[in-house]
Amino acid sequence: MSGILDGKKILVMGVANNRSIAWGCAQAMTEQGAEVIYTYQNERLKKFISKLVDDEDRLIECDVSSDSSIDQAFSTMESHFGKIDGIVHAIAFAKKEELGGSILNSTREGFGQALDVSSYSLLAVAKAGAKILNNPASIVTLTYMGSDRALLNYNTMGIAKAALESGMRYLARDLGPAGVRVNAISAGAMRTLAVSGIKGHSELIKESQSETVDGVNVTQMEVGNTCVFLMSDLASGVTGDVIFVDKGVHLR
Ligand SMILES: NC(=O)c1ccc[n+]([C@@H]2O[C@H](COP(=O)([O-])OP(=O)(O)OC[C@H]3O[C@@H](n4cnc5c(N)ncnc54)[C@H](O)[C@@H]3O)[C@@H](O)[C@H]2O)c1
């Protein structure tokens with residue numbers, strides 16, 4: 001069967017387990033013919049992704065808080081797979097203290113770490129990735145509507161997502177001449193490991209579901225299918241954009 005991503009090699013960063021949005025993206029892209037390569041954060045998380053992907057060669061360690069880990073990961077990738085056609089960046093982290101109550105709870109250290117891992121990492125990955133991306137290629141990152149409104153408990157991560165989206169636009173400008181498009185998907189709230197760090201996350205997900213246009217929450221695969229589109233040549237005119245895949249929650 002032919003798919004719209006036939007012949008494309010795509011790196012997916014951020015699968016922690018089968019609930020990860022990155023896993024939805026990987027599954028949807030595989031269904032459309034892409035060859036998917038994965039990075040995992042560390043040995044502890046490798047155990048989980050190994051249950052989902054049985055080809056050891058496709059699993060590469062990459063801690064985005066370390067430049068040397070990023071360099072190592074991309075050089076391993078290049079030597080095993082050559083040039084690639086896309087990167088999905090589905091990575092974020094903030095300490096629990098940054099994700100509850102007042103934004104005045106934020107600390108210099110916690111804020112710095114959240115922005116380093118959740119926002120700067122897109123630039124760092126794009127810099128390393130640019131050396132092995134084909135022309136054309138596509139980079140997709142994951143964001144949330146807490147970037148442009150003050151949502152309960154989302155706090156520092158909202159600021160990190162604003163920086164991520166801005167970084168995405170600057171990257172779109174500067175990688176455009178090399179044929180690399182850069183976009184973000186603003187996904188609806190869904191239960192994942194990352195979300196469980198947010199104070200009151202169960203209420204956040206329930207509320208988000210009740211605010212969808214049909215009362216049914218968006219799925220990992222719906223986000224994945226939009227990722228397929230952005231990775232495909234059908235999206236050749238789309239760059240520097242944030243596409244909402246939240247079944248209308250952002251309309252409220
Ligand atoms: N779940 C939601 O409701 C939701 C909504 C909108 C956007 N997002 C975004 O989607 C993306 C994926 O999150 P998710 O919800 O699937 O959760 P997840 O916990 O499954 O994925 C987060 C990933 O980030 C990785 N990560 C954290 N620190 C890292 C580091 N230093 N180096 C490398 N990897 C690191 C983790 O290993 C994990 O794989 C995040 O950017 C998140 O903010 C999530």
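In the sorting of residues by class used here, Ala, Val, Leu, Ile, Met, Phe, Trp, Tyr, Cys and Pro count as nonpolar, Asp, Glu, Lys and Arg count as charged, and the others, Gly among them, count as polar. With that sorting in hand, the shell around the ligand can be described as 19 nonpolar, seven polar and two charged residues. The structure is a predicted model, and the description below should be read with that in mind.

## The ligand and its surroundings

The space that the ligand takes is the largest pocket. There are 28 residues around the ligand, and those that come nearest are Ser20, Ile21, Gln41, Met190 and Thr192. Some contacts with oxygen atoms of the ligand can be listed by the part of the residue that takes part in them, as in the table that follows.

| Residue | Atom in the protein | Distance to an oxygen atom of the ligand |
|---|---|---|
| Ser20 | side-chain N or O | 2.6 Å |
| Ile21 | backbone N or O | 2.8 Å |
| Ile91 | backbone N or O | 3.4 Å |

On its own the ligand has 820 Å² of accessible area, and the protein covers 94% of this.

## Helix H1

Ile21, whose backbone has an N or O atom 2.8 Å from a ligand oxygen, also belongs to helix H1, which spans residues 21-31. How much of helix H1 is covered? Helix H1 is mostly covered, since eight of its 11 residues are buried, and these are Ile21, Ala22, Trp23, Gly24, Cys25, Ala26, Ala28 and Met29. Just after H1 comes Gly33, which takes a positive phi of about 95°.

Strand E5 covers residues 133-143 and includes Pro136, and the peptide bond that joins Asn135 and Pro136 is cis, with an omega of about 10°.

Further along, the loop between E5 and H5 holds Asn153, a residue that has a positive phi of about 65° although it is not a glycine. Asn155, which is found in helix H5, likewise is not a glycine and has a positive phi, in this case of about 40°.

## Thr212 between two helices

Where does Thr212 lie? Thr212 is found in the loop between helix H6, residues 201-210, and helix H7, residues 220-231. Its relative accessible area is 2%, so Thr212 is buried. The side chain of Thr212 has a polar atom that lies 2.8 Å from the backbone oxygen of Gln209, and the side chain of Thr212 also reaches the backbone nitrogen of Val216, at 3.1 Å. Taken together, these lines of description place a buried threonine in the loop between H6 and H7, with side-chain contacts to the backbone of Gln209 and to the backbone of Val216.

Technical notes
Residues are numbered from 1 along each chain as its sequence is written. This is a predicted model: local features need pLDDT of at least 70, side-chain atom pairs count only at pLDDT 80 or more; totals for chains, interfaces and linings use all residues. Side-chain values use heavy atoms; hydrogens and water are left out. A residue is near a molecule or strand if one of its heavy atoms lies within 4 Å of it. A polar contact is a pair of N or O atoms within 3.5 Å; within protein, one must be able to donate a hydrogen and the other to accept it, and residues adjacent in sequence count only if both atoms are side-chain atoms. Accessible areas come from the Shrake-Rupley method with a 1.4 Å probe; for residues, only the protein chains shown count as cover. On a 1 Å grid over the protein atoms alone, a cavity is a set of points where a 1.4 Å probe fits but cannot get out, and a pocket is an open set with protein on both sides within 12 Å along at least five of seven lines; lining residues have an atom within 4 Å of a point. A molecule sits in a cavity or pocket if more than half of its atoms lie within 2 Å of its grid points. Helices (H or I, at least four residues) and strands (E, at least two) are DSSP runs, numbered from the N terminus. Buried means under 20% relative accessible area, exposed over 50%, partly exposed in between (1.4 Å probe, protein chains only).
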